[in-house]
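Trainee: Could you go through this one with me? I'd like to begin with the rings and then move on to the core.

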Amino acid sequence: MAHSANGSEAMQSFKTTFTLSRDYLAECYDQSLPHGKNAKPNFFFPGALLVVGVGLFVYTEQPKILGSLFIAMAALELLHIRYRRAWWLARQMWGNTANTTVELTIDDNGITAKSTNNETTLLWTDIDRMIDTELGLILVSTSKGQQYLSKATLTQDTVDHLLAKHKESLPEST
């Protein structure tokens, strides 16, 4: 590691490539879910649909089509909750980035991921927090978006330096 004039270490550029395979995406989902905004499924909505549907069946003289529709929507929402991982993975695999090679570059400016269809750069100043999970790092941006990096694609030195670099970029509390 090179030392800069102010005494902090300059980061050596780190480059690697990986494939956005089904296994990588599954790891991304599994590691990110507990730290996301939808970590716990919301059963209130399908429950409310079910109550309204049954209420329309029991307490109205109208044709039973509307009640059946609400009950069917409740069942569909419960299926969505039950199979949300599989559905998310299927949508990712249908996308144009599935099975593409990603070139990851980590340097003093930030983290850049480039594939044939996309290039994103996350500057150090845009990283609000970094979550160290068992298998990877979740980078939460100031806009509250999340990026996942698998530790399998990084060296341990790079992981340690990323965590140190993030702590270094945080404003000091007074």
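Trainee: How many aromatic pairs does the count come to?
Mentor: The count comes to four aromatic pairs, where rings of Phe, Tyr and Trp (its six-membered ring) pair if their centres lie within 6.5 Å, with planes under 30 degrees apart called stacked, over 60 edge-to-face and the rest tilted. One of them joins tryptophan 87 and tryptophan 94, edge-to-face at 5.6 Å centre to centre and 80 degrees between the planes. Keep in mind that this is a predicted model, in which local features need pLDDT of at least 70 and side-chain atom pairs count only at pLDDT 80 or more, while totals for chains, interfaces and linings use all residues. Residues are numbered from 1 along each chain as its sequence is written, and side-chain values use heavy atoms, with hydrogens and water left out.

Trainee: And which residues form an aromatic cluster?
Mentor: Phe18, Tyr24 and Tyr148 form one.

Trainee: Switching to the core, which residues have the most contacts inside it?
Mentor: In the largest nonpolar core, which has 28 residues, they are Leu104, Ile106, Ile111, Trp124, Leu149, Leu154 and Leu162; such a core is a set of buried (under 20% relative accessible area, 1.4 Å probe, protein chains only) Ala, Val, Leu, Ile, Met, Phe, Trp, Tyr and Cys residues joined through side-chain atoms within 4.5 Å.

Trainee: Which element gives the largest share of this core?
Mentor: That is H1, with five residues, helices being DSSP runs of H or I with at least four residues, and strands runs of E with at least two, numbered from the N terminus.

Trainee: What joins S3 to S4?
Mentor: Six bridges join these antiparallel strands, and strands pair if DSSP finds at least two bridges between them.

Note on methods
Buried < 20%, exposed > 50% of the residue type's maximum accessible area, 1.4 Å probe, protein only.
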